[in-house]
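I would ask you to look at the sequence and the model first, before we go through them together.

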Amino acid sequence: MKKFVDSYCNYLQKKRIIVSNEQWEICAYGLELIVSAVLNIVILVMCSFILHEERYILFYFLGFIPLRLFAGGYHADNHLNCCIIFAGIYLVSVFLRCIAEPSLVLCFIVIEIMLILLLSPVESANKQITSKRRRISRNRSIWILLANVVVCIVFLWVQPNNSYIEYYLISGFLASSTMITGKIKLYFASRKKEGASL
């Protein structure tokens with residue numbers, strides 16, 4: 001992936017679309033994120049077809065991605081680990097959906113409420129965010145949480161055991177759970193930084 005991104009950025013530089021090293025680095029970073037995101041989605045779609053769960057994959061993405069974007073969470077150190085972890089989380093969602101009962105889904109939403117209210121947003125150790133951006137991300141993650149709570153109430157009241165809604169709610173729970181490991185990683189990264197500065 002890095003070779004592809006570098007060669008494409010070099011091509012843009014030869015065409016004079018990129019004219020400085022700073023632009024090259026920004027373009028390479030952005031392309032890496034895009035390619036990584038597309039690759040993760042393709043891997044998950046393939047997994048869903050292999051497991052015969054393809055009809056639910058959209059609801060998984062709807063529950064996971066928005067909350068993950070604004071609430072933050074664990075960030076892998078490289079793209080390979082990111083792909084493996086992302087696929088692993090999806091496989092956990094498939095397992096949880098198979099054993100899900102309305103009472104278990106309710107427990108998930110209660111845990112999600114606590115995690116979002118206590119931890120959101122969790123930033124990356126390598127990418128600090130401004131206080132304004134932190135406030136915006138927190139507000140948006142809370143709005144998404146409220147939407148999830150409403151969906152959960154309707155799910156439990158109107159149509160329990162709906163697999164589509166179960167996927168949606170479980171993926172939201174898993175997205176919020178990554179905040180715990182993200183917070184732990186951030187703590188150890190700050191400790192390491194403090195130790196290095198002494």
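**Salt bridges and their surroundings**

E123 counts as buried, at 14% relative accessibility; the word buried here means under 20% relative accessible area, exposed means over 50%, and partly exposed lies in between, with a 1.4 Å probe and protein chains only. Before I continue, please note that this is a predicted model, in which local features need pLDDT of at least 70, side-chain atom pairs count only at pLDDT 80 or more, and totals for chains, interfaces and linings use all residues. Residues are numbered from 1 along each chain as its sequence is written, and side-chain values use heavy atoms, with hydrogens and water left out.

What is the partner of E123 in a salt bridge? The partner is R134, and the closest N and O atoms of the two are 2.9 Å apart. A salt bridge is defined as a side-chain nitrogen of Lys or Arg within 4 Å of a carboxyl oxygen of Asp or Glu. R134 sits in helix α6 (residues 131–157) and E123 in the loop between α5 and α6, so the bridge ties together parts 11 residues apart in sequence. R134 itself is partly exposed, at 30% relative accessibility.

How many salt bridges does the structure hold? There are three. In another of them, the side chains of E53 and R97 meet at 3.0 Å, N to O. This pair links distant parts of the chain: E53 belongs to the loop between α2 (21–50) and α3 (57–71), R97 belongs to helix α4, and 44 residues separate them. Are these two residues buried or exposed? E53 is buried at 9% relative accessibility, and R97 is buried at 14%.

K185 and D77 also form a salt bridge, with their closest N and O atoms 2.7 Å apart. Here too distant parts of the chain are linked, since K185 is in helix α7 (residues 163–197) and D77 in the loop between α3 and α4, 108 residues apart. K185 is partly exposed, with a relative accessible area of 26%, whereas D77 is exposed at 63%.

Let me turn to the chain as a whole. Its secondary structure comprises seven helices and zero strands. Of its 198 residues, 36% are buried. Among contacts (heavy atoms within 4.5 Å) with a separation of 6 or more, 75% join residues 24 or more positions apart.

Helix α4 (residues 79–99) also contains S93. S93 is buried, at 0% relative accessibility. Which residues does S93 touch, leaving aside those up to four places away in sequence? They are Y60, Y167, I170 and L174.

My last topic is the surface. L106, V110, I111, M114 and L118 form a nonpolar patch there, with about 460 Å² of accessible area together. Patches are built from residues with over 30% relative accessible area and no salt bridge, joining like charges within 9 Å and nonpolar side chains (Val, Leu, Ile, Met, Phe, Trp, Tyr) within 5 Å; accessible areas come from the Shrake-Rupley method with a 1.4 Å probe, and for residues only the protein chains shown count as cover.

Definitions and conventions
Helix = DSSP H or I, 4+ residues; strand = E, 2+ residues; numbered from the N terminus.
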